[in-house]
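Please look over the structure below with its sequence beside it.

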Amino acid sequence: MSYPPTALSLPLPCVQGSPDWQRVDFISDVHLEEREASTFDAWVHYMDHTPADALFILGDLFEVWVGDDTTDAFAAQCTAVLQRTAQRLPVYFMCGNRDFLVGTGLLQTTGMHGLSDPCVLELGAQRLLLSHGDSLCLDDVDYMTFRAEVRQPAWQQAFLARPLSERQAVARALRTQSETRKHTHTDYADVDAHAARAWLGATKCRTLIHGHTHRPAQHDLGQHLQRWVLSDWHADTTPARLEVLSWLQHEAHSPTQGLRRWPLNQALAS
Ligand code: MN
């Protein structure tokens with residue numbers, strides 16, 4: 001059984017890339033949290049040194065975010081990094097399923113631009129469709145039901161009105177639930193190829209870029225349509241999972257349309 005695909009309200013919001021952008025970076029699923037210090041350090045290094053002209057963060061930057069009024073020291077550190085990066089280059093932020101409660105407060109503090117999920121990015125003649133990806137994992141019926149509930153403005157207002165400590169407790173309980181589920185389920189839902197093609201067709205895009213599934217890859221969807229999947233970030237595994245997707249203007253006419261997945265060290269060295 002499949003859940004009906006998330007309806008698109010067309011036309012989608014569209015970000016117009018600057019003709020001056022030689023390189024655009026895409027990252028997602030960094031899952032920043034205090035206890036993952038090496039991943040945090042790698043991310044800080046990347047943010048301070050990427051030679052990209054613009055950065056698109058496509059969801060789950062944070063392992064959890066229970067509201068922009070979060071006061072802990074780790075959130076403050078992350079905010080400071082985002083702030084100084086956004087002073088150096090334009091930074092665009094899309095929410096994922098872990099950090100869907102990032103709101104205008106964090107965007108204003110950091111100077112990042114908010115992105116709707118999905119949205120279109122125009123780079124010259126190219127139209128890229130950007131999404132976190134969770135809304136296309138149609139086979140995960142339980143999650144799709146949960147998502148439909150928590151993405152309602154009324155649910156979010158009510159949740160954000162609860163004391164911070166209560167919200168943190170809810171987040172911890174959800175996380176335990178999800179960890180338990182990981183141990184009992186071995187088959188994870190993936191992006192539904194049919195739905196991805198339908199989205200691309202409806203938005204006149206040829207390329208979908210998303211994260212969420214932690215299955216970095218480049219998929220040919222037929223009819224000149226492509227799906228590029230971003231890597232999650234994990235510095236403490238061997239080999240480390242630290243990867244960036246870049247769009248390079250000077251390769252825009254290549255078969256990959258300028259897109260290149262590369263390990264963090266290469267992405268920083270170029
Ligand atoms: Mn996700």
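Along the sequence, the residues that donate to the manganese ion follow the spacing D-x36-N-x34-H-x79-H. D60 lies in the loop between β3 (54-58) and α2 (73-88) and N97 in the loop between β4 (91-94) and α3 (104-110), so this pair ties together parts of the chain that are 37 residues apart in sequence; helices here are DSSP runs of H or I with at least four residues, strands are runs of E with at least two, and both are numbered from the N terminus. The model is a predicted one, in which local features need pLDDT of at least 70 and side-chain atom pairs count only at pLDDT 80 or more, whereas totals for chains, interfaces and linings use all residues. Residues are numbered from 1 along each chain as its sequence is written, and side-chain values use heavy atoms, with hydrogens and water left out.

The protein donors themselves are D60 through OD, N97 through OD1, H132 through NE2 and H212 through ND1, and they lie 2.0 to 2.2 Å from the manganese ion. Donors are N, O and S atoms within 2.8 Å of the metal (3.2 Å for Na, K and Ca), and since water is not among the atoms, sites may look incomplete. D60 counts as buried at 2% relative accessibility, and N97 is also buried, with a relative accessible area of 17%; buried means under 20% relative accessible area, exposed over 50%, and partly exposed in between, for a 1.4 Å probe and protein chains only. The backbone of D60 has a positive phi of about 55°, although the residue is not a glycine.

Strand β1 (residues 14-16) pairs with β6 in the parallel sense over 3 bridges, and within β1 and β6 Q16 stands opposite E122; two strands pair if DSSP finds at least two bridges between them. Strand β7 (residues 126-130) runs antiparallel to β6 and is joined to it by 5 bridges, with L128 in β7 as the bridge partner of L121. The hairpin of β6 and β7 has 2 residues between the strands, and in it G124 takes a positive phi near 60°.

The largest pocket holds about 1,600 Å³ of space and is lined by 50 residues, of which N97, R98, S178, K182 and H212 lie nearest its centre. A pocket is found on a 1 Å grid over the protein atoms alone, as an open set of points where a 1.4 Å probe fits, with protein on both sides within 12 Å along at least five of seven lines, and its lining residues have an atom within 4 Å of a point. Grid points are joined across faces, edges and corners, and the volume is the space filled by probe spheres set on the points. The largest share of this pocket's lining, 10 residues, comes from α6.

The second largest pocket has about 450 Å³ of space, and of the 17 residues that line it, E33, E34, V64, D72 and F74 are the closest to its centre. Here too α6 gives the most to the lining, with 4 residues.

As for the cysteines, the structure holds 0 disulfides, a disulfide being a pair of cysteine sulfur atoms within 2.5 Å. C78 is in no disulfide, and the nearest cysteine sulfur, that of C95, is 15 Å away; C78 counts as buried at 0% relative accessibility. The sulfur of C205 is 8.1 Å from the closest cysteine sulfur, in C14, which is too far for a bond.

Two further backbone details remain. A cis peptide bond joins T238 and P239, with omega about -5°, and H214, a residue other than glycine, has a positive phi near 60°.
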